[in-house]
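This report covers the salt bridges of one model. The sequence and structure are shown first.

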Amino acid sequence: MESKGIHMMIDGGSTSKKDVAKYQLVPFLSYEGIGALDAVILTHEDEDHMSGILELMGMMEERRSNIRIRNLILPDIGEASKGDNYRMLEAKAAGLEIPTSYVKQGDEINLDAIGKSFNPFSINGRAAGTAPDSKDLRIKCIGPVPKMVTDEPNAYSTILLLKCGDFSGLFTGDVEGTGQDNLKDYIRSNPDEFKNLTLLKVAHHGSGYTTDEEFLELTRPQISLISCGVDNRYGHPHKELVERLENIGTGIYRTDKSGAITLELRHSKLIVDTFIEDMHVNDE
C-alpha cells in the first residue's frame, strides 16, 4: 500500500517457493523504487504469510539488501497464542532494533506517526490536534479482539478496514472460526462502517470454510480479490466459495487467473490493473 510517500506491506511469504524475498519481494520493491517499508503488518504467523518478512530481516542483518523495514506491526494476542514463528519475528525485529507494535480491534494506524518515535496507533488515526481530511487514507483494525487466546493462528488474523474518500477495503488475512464470528459481531454493531464496501480481500485464499453467506450479506463488496497459486495443493479457491461470491454479484479477481493485481485510486475512480488483462471499474 502506498499513499503520500508512505509504503506499507501486509504479509509476505510462501510455502511453495524458497527465497521469496530474494526473488519476489525485493525485485518488486526495487522496481517500484521503494527503498523502505514504513510498516510491515503481519496478519498471523503461518509460513505462507511471514517467511518472506523473516527472510527480508535476515537480508537486512547480513547487508544483502537495501530494502529496510522501519516498523513491524503484529496482532495483539495473548502470550499462550504466540507460536514459534511469532516469537521468532519478535526476536529478529528486536535484534535489528525495528520497533514492534501490537494492533487490536478499535485501533487506527496513525500514518503521521509511522517511522517516528511515538505510538503509531490513535483513536482517530491522526496526530493530536489535526483532523483527518476526507481524502486521507485511514486504516482501522477490526480484529483480533485484545489479547485473543486461541490455538488457531488463522482465527487471530489481523483484519484491517481501509477508507479513503468513498473507497473502502476490508483485508481479512486468513480469518476463520472464532475470528470470523468476532468480525461478524463487530459488523452487526457498526453497520455504517461497512456500507457500500468497495473491496474485499477474500480470507484464506478462497477457502470454503470461511467467508460464509452471512458475512457476505453483511458486507456485499463490489469487488473481491482472491490470492491463490495456480493449481495449488489446497484447491483454492473452493468451488462453494466462488459460488457464494457470484450469488451476491461481486466482481471477482483471482491471482491464479490474472496474475499480479494492482489497484490505484484516482479521485472517484478505482483502476484495477491485472498482469494478464486490464479492467477499469468505476467507483460511484
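Lys184, Asp185, Arg188, Asp212 and Glu214 are joined in a network of salt bridges, a salt bridge being a side-chain nitrogen of Lys or Arg within 4 Å of a carboxyl oxygen of Asp or Glu. The model is predicted, so local features need pLDDT of at least 70 and side-chain atom pairs count only at pLDDT 80 or more, while totals for chains, interfaces and linings use all residues. Residues are numbered from 1 along each chain as its sequence is written, and side-chain values use heavy atoms, with hydrogens and water left out.

In total, the structure holds 19 salt bridges.

| Lys or Arg | Asp or Glu | N to O distance |
|---|---|---|
| Arg188 | Glu214 | 2.5 Å |
| Lys82 | Glu79 | 2.9 Å |
| Arg220 | Glu217 | 3.0 Å |

Arg188 and Glu214 form a salt bridge with their closest N and O atoms 2.5 Å apart. Arg188 belongs to helix α4 (residues 178-189) and Glu214 to helix α5 (residues 213-219), so this pair ties together parts that are 26 residues apart in sequence. Helices here are DSSP runs (H or I, at least four residues), numbered from the N terminus.

Accessibility is classed by relative accessible area: buried is under 20%, exposed is over 50%, and partly exposed lies in between (1.4 Å probe, protein chains only). Arg188 is partly exposed at 40%, and Glu214 is partly exposed at 36%. Arg220 is partly exposed at 41%, and its partner Glu217 is partly exposed at 49%.

Terms used:
Helix = DSSP H or I, 4+ residues; strand = E, 2+ residues; numbered from the N terminus.
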